[in-house]
Amino acid sequence: MLKVVGISFCVLICSILLKEYNRPIAALLSLAGGLFAFLAVFARIRGLMTSFNRITSSLPVSAEYISIMLKVLCIVIVTKLVADSCRDNGENALASFTELAAKVLVLAISMPLFETLLNIVIGLVK
């Protein structure tokens, strides 16, 4: 965690200083810093996936539903990063459209989960 905070803080200071002189380079620096911070955490994903596979193998839930939830989580995380980067660079409309597109994509991907849930509720009501 300390590595991520250090990278982010250094990029923030450099970006603030550079923004006065060259705004596009400061934006690229911010994006690169975010990427490096993400890559610093990326090494932990393997352990997380191993734990996740162990947990899902013991659950009576279909692996398809777990896969849907993971896809949705990834979409949400990537969309947040992109939308925040757009807003940092003054592109509020682009950030809003990106978030809207992600919401539609999440809805489309999670539709089988909603159908199953609805069938369970209907079965309980009958």
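The lining of the largest pocket in this predicted model is made up, by class, of 21 nonpolar, seven polar and six charged residues. The space inside this pocket comes to about 1100 Å³. A total of 34 residues line the largest pocket, and those closest to its centre are G34, L35, F38, I77 and L81.

Which elements give two or more residues to that lining? They are α1, α2, α3 and α4, and the table below shows where each one runs.

| Element lining the largest pocket | Residues |
|---|---|
| α1 | 2–19 |
| α2 | 23–42 |
| α3 | 45–58 |
| α4 | 63–88 |

Among these contributors, α2 provides the largest share of the lining, with eleven residues.

Let's turn to the nonpolar core. The largest one has five residues in all: I68, V72, I75, A102 and V106. Both α4 and α5 give two or more residues to this core, and the largest share, three residues, comes from α4. In soluble globular proteins, nonpolar side chains tend to be buried together. V72 belongs to this core, and, leaving aside its neighbours within four places in sequence, V72 is in contact with V106, I109 and S110.

How confident is the predictor? The mean pLDDT of the protein is 83, with 98% of the residues reaching 70 or more. Helix α5, which covers residues 92–109, has the highest mean pLDDT among the elements, at 92, while α3 has the lowest, at 77. Where pLDDT is low, the predicted coordinates should not be read in detail.

Definitions and conventions. Residues are numbered from 1 along each chain as its sequence is written. This is a predicted model: local features need pLDDT of at least 70, side-chain atom pairs count only at pLDDT 80 or more; totals for chains, interfaces and linings use all residues. Side-chain values use heavy atoms; hydrogens and water are left out. On a 1 Å grid over the protein atoms alone, a cavity is a set of points where a 1.4 Å probe fits but cannot get out, and a pocket is an open set with protein on both sides within 12 Å along at least five of seven lines; lining residues have an atom within 4 Å of a point. Grid points are joined across faces, edges and corners, and a volume is the space filled by probe spheres set on the points. Helices (H or I, at least four residues) and strands (E, at least two) are DSSP runs, numbered from the N terminus. Ala, Val, Leu, Ile, Met, Phe, Trp, Tyr, Cys and Pro count as nonpolar, Asp, Glu, Lys and Arg as charged, and the others, Gly among them, as polar. pLDDT is the predictor's confidence in each residue, from 0 to 100. A nonpolar core is a set of buried Ala, Val, Leu, Ile, Met, Phe, Trp, Tyr and Cys residues joined through side-chain atoms within 4.5 Å. Buried means under 20% relative accessible area, exposed over 50%, partly exposed in between (1.4 Å probe, protein chains only). Contact means heavy atoms within 4.5 Å.
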